[in-house]
Amino acid sequence: MQIVENTNEGLKRAYTVTITAKDIAAKIDGEVAKIAPQIRMPGFRPGKVPANLVKKMHGPSLHQEALNTSVREAIDKVVADNQLRPAMQPQIDLAEGYEEGKDAALTVSLEVLPAIAAPSLDGLKLDRLVVPVSDAEVDEQVAKLAAGAKSFTDAKKGKKAETGDQVIIDFVGKLNGVEFEGGSAQDTALELGAGRFIPGFEEQLVGSKEGEAKTITVTFPADYPAENLKGQDATFDITVKAVKVAGETNLDDEFAKTLGLTDLEQLKGLLRGQLEQETAGLTRTQMKRALLDQLAAGHDFDVPPSMVEAEFGQIWQQLTQEAQNEEDPAAALKEIEDEKDEYRSIAVRRVRLGLLLSEIGQANNVEVSQQEMQMLMAQAAQQYRQEDRQRFYEYVQQDPMAAAQLRAPLYEDKVVDFLFDKAEVTEKTVTRDELQAAIEAEETASTKDVKPAKKASAKKTQKAEPVAKAEKSAAKTEAKPKPEKVSAAAGDAPVKKAPAKKASSKK
C-alpha cells in the first residue's frame, strides 16, 4: 500500500492511496477460504467445492467485500501514520476506470480538528442570579390551579349567559350557506371568554339563554390550519341547550384533597418546588451563557469548515421552517437572508465552543458512564413503538456516531458543571424580570461581533485519537468514535427567529 500526501493546508488534508491488485486478490482468497466450507454444490461433498468455482459463483460480492476491507484498512493507516483527528467523515473517491485485477487508486480528503492547547481554568468568575419564590407567587399558582379545576352547575331559568359562564351548544358551520366538514358538533361545553374558539365566536354568545337559537358570523384567521377556511367568512347556526355558572372553589384543605393531597400546605409545597425548579433552570441558563461568553472571548482558533457548514445547515433549516409559519413568509425569508453572514458567524462560534468544551472535558477526565448511557438510550427509545425499541438499542450500540450524538448533551452538561465547580461564583438575589433581562442581554452579546475563523496555518496536529472512517461509493465503511462530542449550541444563545409577527390561530 502506497500513501502520498497531496494537500496539507490549514485544517485540510488530502492523500492518494494505492492498493495493489495483489493485496486485493489476497483478501479475496482469504474470503474464499472462509466461506468455502459452507458452500453446497451438486456433485461435490460439503466443504470440497473448488476455490475457482466459489470465485465464479460469488466473484462480484467477494471482490466488493475485499475492496471495502482494503479501503477501511487504508483509511486507518492514513489516520494512524499521520496522527490525524478527522473533524468529519473523510471523503473517499475511487479513481475512474478501476476494475478487478488492477491496482485501486483512492483519493482521501478530509478536514482535521485543530490543535487546542488545554485552556487554563484559573480566573473564571460567574454570578449566580437567584430568584426567591415568594408566598404571593405560590398563592397565585394555587388560584390558577383552582380556576382550571372549577366546576359548573345549571343556572337559574332564563339567566343570560355572561363571560365566565359555560354554555352547552349544538352548532352547524356553513360557508356560503353550505355546511363544511368538521364545522358541526353537538352538546359542546364552551366557557365564554376562555378563548377556545376562533375570535368573535364566544363574544356573540354572551347574552344568550337556554333554548335560544341564533346564527352568528365569524371570520377564520388568515393562519388557520385548514386551508379551505383561512380568512373565510362563515356562519354558525347555534342552539343553546343550557347555561351554567361556575361554582365557587374554596382554597382550603378540601380543595387539596380533591387533587389527591393531604392538605393545602402540601399543595403549596409542591407548587413552590415547581417554581423553584423553574427559576433554577433559568439561573443555570444565565450562568452557562456567561461561562460560554468568557470561554469564547479567551479563545480564538481555526475551526473545520465542514463542521461549520453542518452547524450552519441546522441553524438555517430551523430559521427557514419558522419563516414559513410567519404571516408573510416571503418577507421573513428575505430578512433572514439579509443576515445570513451573521448566522454563519454564530455557527463558527458554536463549533469553536463545542471543540473547546470537548478539549476541557477530555483533559479533565469528564465522561459519561455506561449506566448514564443506558439511561439516555432508554429515554430516547420511548419515542419508538414497543416492537422497534430493541432495533433502536442495537443501532446505537453498533453505530458510534449515533451513540456520540445521543451522549453529547449530557456530556456537555457535565463539562459545564465541572467548570462551574472550578469558577469563583458569586450569588446574587434578583427578581425574575432581572434574571430574564440578564439572559436576554447575554443572548444579544453572544451573537454580536462574532468573527469567522481566520485562515489556518499549514501544520499537522500532534495528537492521535480515535477517528471516524469514511463512506464513499463502493468503499463503504463503519465509523469509529471521535473525540467526545459536545453541542455547545444547546447552551449558547439561540439564533433569532424570523421577525414577522404571526396572527392568532385559535380554534
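How many cavities of 30 Å³ or more does the count come to? The count comes to one, where a cavity is a set of points, on a 1 Å grid over the protein atoms alone, at which a 1.4 Å probe fits but cannot get out. You're looking at a predicted model, in which local features need pLDDT of at least 70, side-chain atom pairs count only at pLDDT 80 or more, and totals for chains, interfaces and linings use all residues. Residues are numbered from 1 along each chain as its sequence is written, and side-chain values use heavy atoms, with hydrogens and water left out.

**The chain as a whole**

- The protein chain has 12 helices and 13 strands; these are DSSP runs numbered from the N terminus, with helices (H or I) of at least four residues and strands (E) of at least two.
- Of the 507 residues in the protein chain, 39% are buried, meaning under 20% relative accessible area, while exposed is over 50% and partly exposed lies in between (1.4 Å probe, protein chains only).
- Take the contacts (heavy atoms within 4.5 Å) between residues at least 6 apart in sequence: 74% of them join residues at least 24 apart.

**The cavity**

- The largest cavity has a volume of about 40 Å³, a volume being the space filled by probe spheres set on grid points that are joined across faces, edges and corners.
- Its lining is made up of Ala155, Lys156, Lys157, Gly158, Lys159, Glu210 and Val243; lining residues have an atom within 4 Å of a point.
- Sorted by type, the lining of the largest cavity has two nonpolar, one polar and four charged residues. Here Ala, Val, Leu, Ile, Met, Phe, Trp, Tyr, Cys and Pro count as nonpolar, Asp, Glu, Lys and Arg as charged, and the others, Gly among them, as polar.

- Strands 1 and 2 run antiparallel and are joined by seven bridges, with glutamate 9 partnered by lysine 12 in strand 2.
- These two strands make a hairpin with two residues between them, and glycine 10 in the turn has a positive phi of about 60 degrees.
- On to the next pair: strand 2 (residues 12-19) and strand 4 (residues 104-111) are antiparallel over eight bridges. Threonine 16 sits opposite threonine 107 in strand 4, and valine 17 has leucine 106 of strand 4 as its bridge partner.

**Residues worth a look**

- Most residues other than glycine have a negative phi.
- Glutamine 83 has a positive phi near 50 degrees. You'll find glutamine 83 in the loop between helix 2 (51-81) and strand 3, partly exposed at 34% relative accessibility.
- Asparagine 176, not a glycine either, has a positive phi of about 55 degrees. The loop between strand 7 (166-175) and strand 8 (178-191) holds asparagine 176, which is exposed with a relative accessible area of 79%.
- Threonine 283, in helix 5 (residues 264-298), is buried, with a relative accessible area of 8%. Neighbours within four places in sequence aside, threonine 283 is in contact with Arg128, Leu129, Val130 and Leu435.

Methods:
1 Å grid on protein atoms, 1.4 Å probe; cavity = no way out; pocket = protein on both sides within 12 Å on 5 of 7 lines; lining within 4 Å. Pairing = 2+ DSSP bridges.
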